[in-house]
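Hi,

Here is the structure I said I would pass on.

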Amino acid sequence: MTRTQAAKFLAERNNYMRLASYRKNYEKYDQKYVNLDFKYLVELSTIDMYLRFIIIKMCLNIEHCLKVSLLKNIENNADEDGYSIVNEFINSSRSNAYITSEIKKMSSSKYSGELIEHYFQYTTEFCGGETVMTFDCPVWVFTETVSFGTFINFYLFYYNKYPNEKAIPRNIINSVRSLRNACAHNNCIMHDLHKTPESTQPPTEISKFVMQIADIKSVQRRNKLSNQFILEFVTIVYVFGKVVSEDLKKTTIKELKSFAENRLLKNVAYFERQPLIKSSLTFLKKVIDFACENTYNK
């Protein structure tokens, strides 16, 4: 890509800060990046953009199905009336201040303001030296008016009280939340494909999921899952297959397959001399292919 083409791209299509973030995937020698052309940064940013859009759609479906499943379990729980669990959660020591502040901010929303005004009226009383807030809000309204992060906290709160083997564990669902939020804020999610320094061992379920892919060897599996973005993306692929209904899967699966087959490796030759990037893109394709051909069709 010529200087003129690069300047035009930066003026019309993207900004330097975002494009430059992807250079972290390249090694330096004598203070210069090795085998790096501006066009390669453009390609990474384009793949990143497509992937963010798909991830958001997958997460919206995951969120919807988690809510449906949770509400079903609460409705079938003889110990819950659909109201008390909301008050118990809001009054928990870790949640109260943040949730009440969030509800107050959302009360001016055109889309949820009326629900909040109607259902989030509360009374207060003193119990054991603490102020307890009592809301007249059913769980089916609560889950539709709070943020995704608050919903996840509520989801974990409920299943901590009523353990269920089908519930998504904390370490897995938090990975979904992390990447979902990054995409929602339009962050560059592929800006660094190296091993994440503070990375931990991937959840057992995620390792076992990748172990089913025959042409991913154990060394590659460990290396790639040590990167935060790749681990979180694989986690979303795994959870999508576990919780999303067949009807909701169809459109997203079609788009995911099209991306993997027609766009993800379209210009992989750009990264022939950059094994970190090439191997990461190939790894993502193998995971997507496996999920679409196996777990998503069951």
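Which residue's side chain does Arg273 join through a polar contact of 3.2 Å? The partner is the side chain of Asn35. Before going further, please keep in mind that this is a predicted model. Back to the pair: Arg273 and Asn35 are 238 residues apart along the chain, yet their C-alpha atoms are separated by 7.0 Å. You will find Arg273 in the loop between α13 and α14 (275-293), and Arg273 is exposed, with a relative accessible area of 59%.

Now the salt bridges. The count comes to twelve, and here are some that I looked at.

Arg263 pairs with Glu43, with 2.8 Å between the closest N and O atoms. Are the two partners buried or exposed? Arg263 counts as buried at 14% relative accessibility, and Glu43 counts as buried too, at 4%. The cut-off for buried is under 20%.

Lys57 and Glu255 also form a salt bridge, at 2.9 Å from N to O. This pair again links distant parts of the chain, with Lys57 in helix α3 and Glu255 in helix α13, 198 residues apart. Lys57 is partly exposed, at a relative accessible area of 40%, and Glu255 is partly exposed as well, at 28%.

There is a salt bridge between Lys278 and Glu272 too, with an N to O distance of 2.6 Å. Both ends are partly exposed: Lys278 has a relative accessible area of 26% and Glu272 has 49%. Elsewhere, salt bridges with shared partners join Glu63, Lys67 and Arg180 into one network.

On to the inside of the protein. The largest nonpolar core has 91 residues, and the members touching the most others are Phe142, Tyr155 and Phe229. Helix α3 supplies the largest share of this core, 17 residues. Setting aside neighbours within four places in sequence, Tyr155 is in contact with Leu66, Leu70, Ala167, Ile168 and Ile173.

Helix α14 is worth a look as well. How many residues does α14 have, and how far does α14 reach? The helix has 19 residues and spans 26 Å from its first C-alpha to its last, close to the 27 Å expected at 1.5 Å a residue. Its buried residues include Leu276, Ile277, Phe283, Leu284, Ile288 and Phe290, and Ser280 and Lys285 are among them too. The buried residues of α14 pack against α3, α10 (204-211), α11 (218-224), α12 (228-243) and α13.

Asp30 has a positive phi of about 55 degrees although it is not a glycine. Gln31 is in the loop between β1 and β2 as well, and its phi is also positive, near 70 degrees, in a residue other than glycine. Both residues are exposed: the relative accessible area is 63% for Asp30 and 68% for Gln31.

Cheers

Methods:
Residues numbered from 1 in each chain as written. Predicted model: local features only at pLDDT ≥ 70, side-chain atom pairs only at ≥ 80, totals over all residues. Heavy atoms only, no water. Salt bridge = Lys/Arg side-chain N within 4 Å of Asp/Glu carboxyl O. Buried < 20%, exposed > 50% of the residue type's maximum accessible area, 1.4 Å probe, protein only. Helix = DSSP H or I, 4+ residues; strand = E, 2+ residues; numbered from the N terminus. Core = buried A, V, L, I, M, F, W, Y, C linked by side-chain atoms within 4.5 Å. Contact = heavy atoms within 4.5 Å. Polar contact = N/O pair within 3.5 Å; in protein donor to acceptor, adjacent residues only side chain to side chain. Expected span 1.5 Å × (residues − 1).
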